[in-house]
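Please take the points in order, with the structure open.

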Amino acid sequence: MAAAIGLCLWASAMMPWAELDMNVDNLPHTFKLLHIEPVGKALGEIYGGSADKHKTHLESQKAEGKKGEYVYSLAIGLALLGAAIAIAAIGSADDEEKMTLPEKK
Amino acid sequence: MTDQKTVITLLCERAADVDGICDKAGNCTTVDGLKVVKLPCSGMVQPLMIEGAFKAGASGVIVTGCQIGDCYYREGNRMIRERLLGERTPGLKKTVERRRVLALWLSRLQRGKFEAEAKEFVAYIKGLEPLAAAPAAAPKPAPAAKPAAPAVAPSEDKKEDAKAAIESKPTAETTPADADKAAEAKVDAATTSGDKPAEEKKAEESKAEEKKD
Amino acid sequence: MKTNIWTQIFLVTEDLLNKISTSKYNPLYYHGALPQFIMYILFLSGLLLFAYYVPTIDNAYFSKNLVNAYTSVAYITNDIPFGAVIRAVHRYAGDAMVVAILIHMVRVWFTDRYRQYRWVQWESGIVLLLMVLFIGQTGYYLIWDERSLLLTRMTVSALEVVPVIGEPLRNWFLNGRTISNLTLSNFLFIHIGLSFSLLFALWIHYVRMSRPVITPPPALNYILMTIIFAVVYFFPITATKIADLNSQPTSMDIDVFFLLPYAVLGALGTTGFWISMILITAALCLIPYPFTNKKPVESAEVVDSKCTGCSFCFKDCPFQAIEMVPAPAGSRFKLLATVKPYRCSGCGVCVGACAFDAIDLPNLLDSDVNEKIKQLANSQSA
């Protein structure tokens with residue numbers, strides 16, 4: 001459960017990094033306007049290590065278009081997976097194989 | 001005197017496979033006092049049948065259908081589930097002791113789970129004090145020569161309960177046949193009383209009331 | 001209730017999934033609803049692609065650079081934000097739809113939920129499957145790369161050999177005698193128009209079912225989307241070559257879900273292709289009929305004198321087999337329930353819904369059931 005929420009959050013934070021095409025060197029103006037450049041840099045530090053791996057994989061597959069967008073796709077997929085597991089963990093509590101009837105007043 | 005540990009199972013023949021642990025008459029060989037009645041679908045279970053079982057001297061009833069979400073006939077198990085919970089008409093009569101009814105939703109391969117749960121339930125029923133109403137209703141051995149007999153017998157028992165309903169109705173002076181019908185109508189917990197033509201309306205009204213509670 | 005090896009496989013899988021995900025999230029309980037959800041994904045992603053697609057093979061706007069179907073697809077892929085991903089999602093969701101439909105089909109087949117009172121669902125399902133396959137193929141024409149050209153030519157060769165209507169068919173398909181600018185607009189029309197007619201076919205698919213299950217729980221939708229997004233990442237869109245009408249491409253990559261018929265066409269030739277397609281379709285359509293109708297359904301019967309017209313059975317019937325009709329003159333009630341025997345499954349839900357004993361299964365009277373209950377309840381003390 002905690003792991004699923006963790007995965008969801010981790011992958012959600014990965015999405016903006018992937019959208020920046022896995023490169024936080026030149027942050028767009030939005031970051032400056034909102035004064036959240038440190039956040040951008042932090043994202044780069046957290047996820048930057050895997051950038052090369054993603055790039056080699058996508059290049060070996062001859063991916064067309066921006067590489068970061070495919071990574072974004074992976075990230076949103078993982079975020080949804082985490083969310084799904086967390087939702088299912090909560091929702092399956094009211095699954096029933098055995099049902100007793102509530103007492104009528 | 002009725003043995004206080006007879007538990008009737010109303011079982012969907014596509015749910016948990018009990019052929020291996022039951023004889024043809026419906027006696028479960030591995031769980032003492034457990035009887036099985038097979039139906040094509042758990043949706044066929046009428047609340048009347050459950051009440052009938054208690055009237056006949058059973059001390060507990062298990063309803064078994066397929067896993068919720070799966071039903072060969074699409075919705076049977078959902079229907080009986082909602083009827084038992086009182087969310088769908090017809091529901092169980094108020095006088096039925098809810099703790100003596102158990103519902104299990106098990107797929108075909110879950111015989112083990114069925115056995116375990118049934119055993120537990122039978123033990124639980126044994127621990128309860130005997131049903132007060134049962135000895136009064138059950139004594140007739142009910143030879144039932146004609147198939148029509150069982151339909152009549154339980155409704156006779158119901159007459160007393162029905163009286164209250166009849167008295168509150170404008171059609172108090174009715175023939176016995178009508179009284180029987182009224183008794184049956186009373187069974188439907190949601191449609192407590194009312195003239196038949198207006199029944200639909202009343203059912204919805206009383207249902208809405210129940211929900212408010 | 002005999003079980004063979006196939007039903008056993010399904011039972012074991014079902015049980016396993018129930019243990020892992022609980023019955024509330026068992027994908028096998030939503031096999032029919034999942035294709036429906038995939039359809040929404042396809043509609044949405046398709047709408048985004050449609051916004052930038054230019055259905056011509058010529059230079060559409062007399063611009064300096066060539067603007068046609070192929071270059072507009074390339075523009076979507078390279079310049080529109082997330083264009084490549086949306087293209088890939090559209091493609092793989094299509095594949096997922098075929099997979100989901102096949103799982104749906106195989107499951108209803110092996111759990112025996114396809115014949116007798118369900119024949120309309122099976123036959124309309126076959127139509128839906130064929131429609132989805134054809135829509136998917138037309139999707140591949142639209143890209144207008146070398147593969148599209150080859151597919152178009154193969155389709156034309158197959159259509160031309162159809163007796164009598166072969167030539168009109170070809171002219172309809174190409175929107176003229178040869179491949180021209182109008183061809184692609186026709187392809188686009190077929191692709192989108194047929195997609196929306198899926199809704200009509202779905203209506204027929206659902207019309208005999210009360211409350212069809214068409215929305216899987218969100219958690220399952222998310223997992224499905226995870227699978228699609230992951231496939232997008234691991235098998236991204238790759239560059240292709242623009243179609244050149246003067247070239248003669250002879251081979252292509254086969255998408256196993258949609259382009260299999262073309263592999264058959266390539267292997268068997270046009271006549272063999274049509275014969276095999278017709279045979280396969282006919283076989284699929286006939287599955288519910290022959291020799292398998294072991295015993296006919298004994299439909300429920302209403303006891304007219306007892307029916308109060310409360311319509312509980314009408315509301316509960318899962319197959320819309322009960323109709324409320326005006327009660328005959330002289331009745332104390334307004335309505336009377338009647339059973340449409342050809343729709344009835346004999347499940348007995350209506351018996352359970354009736355508080356007045358007014359509806360019965362002829363092969364299992366509820367009075368018999370009550371009698372058996374009584375007998376069993378008393379047997380111990382006797």
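**Notes on the model**

1. Let's start where two chains meet: chain A brings 22 residues to its contact with chain C, and chain C brings 26 residues. Two residues are in contact here if their C-beta atoms, placed from the backbone, lie within 7 Å. On the side of chain A that touches chain C, helix α5 (residues 67-91) gives the most, with 14 residues. Helices (H or I, at least four residues) and strands (E, at least two) are DSSP runs, numbered from the N terminus. By class, that side of chain A has 12 nonpolar, 6 polar and 4 charged residues. Ala, Val, Leu, Ile, Met, Phe, Trp, Tyr, Cys and Pro count as nonpolar, Asp, Glu, Lys and Arg as charged, and the others, Gly among them, as polar.

2. A word on reading this: the model is predicted, so local features need pLDDT of at least 70 and side-chain atom pairs count only at pLDDT 80 or more, while totals for chains, interfaces and linings use all residues. Residues are numbered from 1 along each chain as its sequence is written, and chains are lettered from A and ligands numbered from 1 in the order in which they are written.

3. Please take care with chain B, whose mean pLDDT (the predictor's confidence in each residue, from 0 to 100) is 71, with 59% of its residues at 70 or more. Residues 134-205 of chain B have pLDDT below 50, and beyond near neighbours in sequence this stretch has 106 contacts in the model. Where pLDDT is low, the predicted coordinates should not be read in detail.

4. Is B:Gly52 buried or exposed? B:Gly52 is buried, because 29 other C-beta atoms lie within 10 Å; the cut-off for buried is 20 or more, exposed means 12 or fewer, and partly exposed is in between, with C-beta atoms placed from the backbone. B:Gly52 sits in helix α1 (residues 47-55) of chain B.

5. Chain C holds 13 helices and 4 strands. Its helix α4 (residues 83-110) has 28 residues and should span 40 Å at 1.5 Å a residue, which agrees with the 40 Å between its end C-alpha atoms. That expected span is 1.5 Å times one less than the number of residues.

6. Chain C is divided into domain 1 (31-286) and domain 2 (301-379), with bounds from an automatic or database domain assignment. Their centres, taken over C-alpha atoms, are 46 Å apart. Domain 1 of chain C gives 4 residues to the contact between them and domain 2 of chain C gives 8 residues.
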